[in-house]
Amino acid sequence: METPKSDLMEAIPLSSSLHDVLLYLHNHPYPHVPNPPACKKRASVALVLRVRPTHNHWPNPQHPSLSRQESNTTSVKQRLNTFFSQDWVQNGDPEALFIKRASRVGDRWTGHVALPGGKRDPEDADDKAAAIREASEEVGLDLTADECIFVGNLPERVVSTGWTSVPLMVLCPYVFLLTCSDSPTLRLQPTEVASTHWVPLSALLSPSQRTVEYVDISQRYAKTSGFIARLASRYILGVMEFSAVRLRPTESLQCNQSFGVAAEDGREPSLPMQRLRTWFLGNRANPENQTQPLLLWGLTLGILADFLDMLPPHTAVQLWEYPTFTFPDLRLITSILTYRLRKRNKLQAKSGSPLSNTTVDSQTSAVTVTGDHDAADANHFHNEVGIEGLGVGRYYGSIKNKESERDTHAVGIMLQGYYAKLRLAIQVFLAWRAAIGSLAAIYAWKLFRRQK
């Protein structure tokens, strides 16, 4: 009798799959993406991985470690094979490092869960050097140490501002693996990082941790229109729902330099003011509130999607849902106007045809990657689910012919044209609300005249 596919996935340790994925990323680097015209900024982030030992499989202190000279002469493939050959690694729990950004005025990503990283400086030799420097400055982690392996990169992408297609910067993600069994000592930069969190990859892949993040649409759609327009936009449009993952850290480090959001005179805002800020600013009213859940969403979730969808059960993308609105009538209008687009994009994603794309929150445009690979790699990383807009995704299908070989290596994802439909949905919604309001006003006026 044939063993079910799900049972086979459960029987294979996640660390074994991680080993295969890291080898694949090292052997198949993504190409460099140049800056678009009139956009000079570049930024880099570091996806830092480690394996946490379990109680029944503890590291052997007698296991030899590579010196710096041996690390420089040993290939990455050999170092990965040596690391994953250890019993405690094979039975350990792979984890990723996340930061929660500190609250800063004017920072569009204040209080967000993110990967260590930041803007590239002129003194940085390349984009990878920027990721290494930022990780050192933000969390005190030396990614050039002997116990750290630089694996490769994830797809570079062009980040745009808000709902527009104006390029803001090129974002370059890099993957690093820590080979030490103990937790590294982190030193948090108070002005940059509020806390750090080690999160198991199994939790990131779990359907039970899927949730939504509510985002104030007025912060993006009416940001330049003044306070009154922003307030009206919030009242009329409500908030948006974005797909998110609830983080369950195994280890956290807080940088408690301050608690809550202080007023300009140094005093904490009153309870009514706190409620007003929460209503108007949403969950970002107090980014450093430790009682708020840690949610991975938006740009960072898009980056992680490229990586998570390579790991079994290959459902990281399948669990994602399109961003929508909380108001029922606007939600319905959005669903109707985007139905054909979503269906078409899903079919294109399954076919493996290349596209140019945008991520979950219209903040990034992903580049389509093509390249040569062999049939063994393609069949090993087989994923038949539709890629529905969660960052830059890959479609690992079997190669049918030579013409489709290079196209099956990678595809774009699903949100191409989606935000244009959202803008149309808002216009239809406003016209609908205006018509309903006018009819209600006419009926109220007639009723008033009759009573009078």
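## Helices H2 and H4

In this predicted model, where local features need pLDDT of at least 70, side-chain atom pairs count only at pLDDT 80 or more, and totals for chains, interfaces and linings use all residues, the axes of helix H2 (residues 14-27) and helix H4 (residues 76-84) come within 10 Å and cross at roughly 175°. That angle makes H2 roughly antiparallel to H4, a label given to angles over 145 degrees. Axes are lines fitted to C-alpha atoms, for helices over the stretch in contact, with angles running from 0 to 180 degrees between N-to-C directions; helices (H or I, at least four residues) and strands (E, at least two) are DSSP runs numbered from the N terminus.

On the H2 side, Ser-15, Leu-18, His-19, Leu-22, Leu-23 and His-26 meet Val-76, Lys-77, Leu-80, Asn-81 and Phe-84 of H4, contact being heavy atoms within 4.5 Å. Residues are numbered from 1 along each chain as its sequence is written, and side-chain values use heavy atoms, with hydrogens and water left out.

Helix H11 (residues 298-308) is largely enclosed by the rest of the structure, because 11 of its 11 residues are buried, that is, under 20% relative accessible area with a 1.4 Å probe and protein chains only, whereas exposed means over 50% and partly exposed lies in between. Among these buried residues are Leu-299, Ile-303, Asp-306 and Phe-307.

Pro-173, which lies in strand E7 (residues 167-178), is also buried, with a relative accessible area of 3%. Pro-173 and Gly-152 are 21 residues apart in sequence and 8.9 Å apart in space, C-alpha to C-alpha.

## Exposed residues

Leu-439, in helix H15 (residues 418-451), is exposed, with a relative accessible area of 57%. Together with Trp-432, Ile-436 and Ile-442, Leu-439 forms a nonpolar surface patch with about 400 Å² of accessible area. Tyr-235, in helix H9 (residues 226-237), counts as exposed at 64% relative accessibility.

## The chain as a whole

The protein chain has 15 helices and 15 strands, and buried residues make up 50% of its 452 residues. Among contacts between residues at least 6 apart in sequence, 78% join residues at least 24 apart.

Conventions
Patches are made of residues with over 30% relative accessible area and no salt bridge: like charges are joined within 9 Å, nonpolar side chains (Val, Leu, Ile, Met, Phe, Trp, Tyr) within 5 Å. Accessible areas come from the Shrake-Rupley method with a 1.4 Å probe; for residues, only the protein chains shown count as cover. A salt bridge is a side-chain nitrogen of Lys or Arg within 4 Å of a carboxyl oxygen of Asp or Glu. Angles under 35 degrees count as roughly parallel, over 145 as roughly antiparallel, 65 to 115 as roughly perpendicular and the rest as oblique.
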